[in-house]
Amino acid sequence: LTGAAILVTAFAPAAQAQETWVAVATDDGPNFGYAVGMATREAAEMTSLGECVGSCRIRLTAPARCVAFVRSDPGNASGYGAGPTRETAQQTAWDDCNRRVPSNSCTVRVAQCFE
């Protein structure tokens, strides 16, 4: 029983160290910035804001491996997603964007994972 407790304790910090953060910042238009694989929420937000040109705001921050940003310029709509895989993040962002426009005018601007 003591050996099991030591084993769990030894692996707990490693599991916490693997958590990464993602973020997306946009200017409500075509300009955006994103971050993947950041150690903290603050680092993800600062990185995405630093990569976005214009008056950008954080639109999504999450503890995840992957992030996606989808945009419909004709409908002036955006969608954001985060998740364990590129496909999950992209589908969430796609669904989010398409809820706001009458047609399938949304296109993926970025879908990136921390490798």
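**Burial and disulfides**

Modeller: Asp96 counts as buried, because its relative accessibility is 12% (buried means under 20% relative accessible area, exposed over 50%, partly exposed in between, with a 1.4 Å probe and protein chains only). This is a predicted model, where local features need pLDDT of at least 70, side-chain atom pairs count only at pLDDT 80 or more, and totals for chains, interfaces and linings use all residues. Residues are numbered from 1 along each chain as its sequence is written, and side-chain values use heavy atoms, with hydrogens and water left out.

Colleague: Where is Asp96 found?

Modeller: Asp96 lies in helix α3, residues 86-98. Helices (H or I, at least four residues) and strands (E, at least two) are DSSP runs, numbered from the N terminus.

Colleague: And what is Asp96 in contact with, leaving aside neighbours within four places in sequence?

Modeller: Ser78, Gly79 and Tyr80 are in contact with Asp96 on that basis; contact means heavy atoms within 4.5 Å.

Colleague: Now the cysteines. How many disulfides does the structure hold?

Modeller: There are 3 disulfides, a disulfide being a pair of cysteine sulfur atoms within 2.5 Å.

Colleague: What pattern do they follow?

Modeller: Counting bonded cysteines along the chain, the pattern is 1-2, 3-6, 4-5.

Colleague: Start with Cys52. Which residue does a disulfide join it to?

Modeller: Cys52 is joined to Cys56, S to S 2.0 Å. The link of Cys52 and Cys56 is left-handed, with -70 degrees about the S-S bond. Cys52 is buried because its relative accessible area is 8%, and Cys56 is buried because its relative accessible area is 16%.

Colleague: Next, Cys66 and Cys113. How far apart are their sulfur atoms?

Modeller: The sulfur atoms of Cys66 and Cys113 are 1.9 Å apart, and the two form a disulfide. This pair links distant parts of the chain, 47 residues apart, with Cys66 in strand β4 (residues 66-72) and Cys113 in strand β6 (residues 107-113). Both Cys66 and Cys113 are buried.

Colleague: Why is the disulfide of Cys66 and Cys113 right-handed?

Modeller: Because the torsion about the S-S bond of Cys66 and Cys113 is about 110 degrees.

Colleague: That leaves Cys97 and Cys106. Left-handed or right-handed?

Modeller: The link of Cys97 and Cys106 is left-handed, with -85 degrees about the S-S bond. Their sulfur atoms are 2.1 Å apart.

Colleague: Are Cys97 and Cys106 buried or exposed?

Modeller: Cys97 counts as buried at 0% relative accessibility, and Cys106 counts as buried at 3%.
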